[in-house]
Amino acid sequence: MNQFSTKQQLFDYMKQQNPELYKQYINAPAAARHHSAYKGGLLRHSTNVYNRLLEWKMKHPTDTTLSEEDIIIVGLLHDLCKAVTYKRNMDGSHRADKDL
C-alpha cells in the first residue's frame, strides 16, 4: 500500500512531521522574478505540475512509469527546496537567500 495515495495525505504528513517547513512551503514564492513569484506561488506552481502529471497519466493509463504516489511526490515536492530559499524584500519582491 502506498503511503501517499492522495495529495492531502502528503500535506497532512508534512504538517505533522515539520509544521514550520509546511508553513514555509504553502507561503513561499516559486521564484524571485519569474513564474509564480508571489506568496503562495510555490504551492500553486507545484499543484500545476501535479495536475499536469495527472493529465499525462490519464492519457497513458497503461504506462507504469509513474505510480499515483510518484505523481504526488514528484509533482508537489519537486521544488521543495524553494520553501526555504527565498526571502521577502521590503518592497514585496523576493530574493534568493540561498544558492540553488
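# Questions on a predicted fold

Of the 100 residues of the protein, 32% count as buried (under 20% relative accessible area; exposed is over 50%, partly exposed in between; 1.4 Å probe, protein chains only). This is a predicted model, where local features need pLDDT of at least 70, side-chain atom pairs count only at pLDDT 80 or more, and totals for chains, interfaces and linings use all residues. Residues are numbered from 1 along each chain as its sequence is written, and side-chain values use heavy atoms, with hydrogens and water left out.

Biologist: Which pattern does the protein follow along the sequence?

Modeller: Start with the elements: four helices and two strands. They are DSSP runs, numbered from the N terminus: helices are H or I with at least four residues, strands are E with at least two. Read along the sequence, the pattern is α-α-α-α-β-β.

Biologist: Is Lys-82 buried or exposed?

Modeller: Find Lys-82 in the loop between α4 and β1 (86-88). A polar atom of its side chain lies 2.9 Å from the backbone oxygen of Ala-30. Its relative accessible area is 11%, so Lys-82 is buried.

Biologist: Which residues does His-45 touch, beyond those up to four places away in sequence?

Modeller: Look in helix α3 for His-45. With a relative accessible area of 15%, His-45 is buried. The residues that His-45 touches are Ala-30, His-35, Ser-36, His-78 and Asp-79.

Biologist: What is phi of Ser-36?

Modeller: Ser-36 sits in the loop between α2 and α3. At 16% relative accessibility, Ser-36 is buried. Most residues other than glycine have a negative phi. Ser-36 has a positive value, near 55 degrees.

Biologist: How far apart are the C-alpha atoms of Gln-24 and Ala-83?

Modeller: Gln-24 lies in helix α2 and is partly exposed, at 25% relative accessibility. Leaving aside neighbours within four places in sequence, Gln-24 is in contact with Ala-83 and Val-84. Gln-24 and Ala-83 are 59 residues apart along the chain, yet their C-alpha atoms are separated by 5.3 Å.

Biologist: Which elements give two or more residues to the lining of the largest pocket?

Modeller: On a 1 Å grid over the protein atoms alone, a pocket is an open set of points where a 1.4 Å probe fits, with protein on both sides within 12 Å along at least five of seven lines; lining residues have an atom within 4 Å of a point. The largest pocket is lined by 12 residues, and Asn-27, Ala-28, Pro-29, Tyr-86 and Arg-88 lie nearest its centre. The elements that give two or more residues to this lining are α2 and β1.

Notes:
Polar contact = N/O pair within 3.5 Å; in protein donor to acceptor, adjacent residues only side chain to side chain. Contact = heavy atoms within 4.5 Å.
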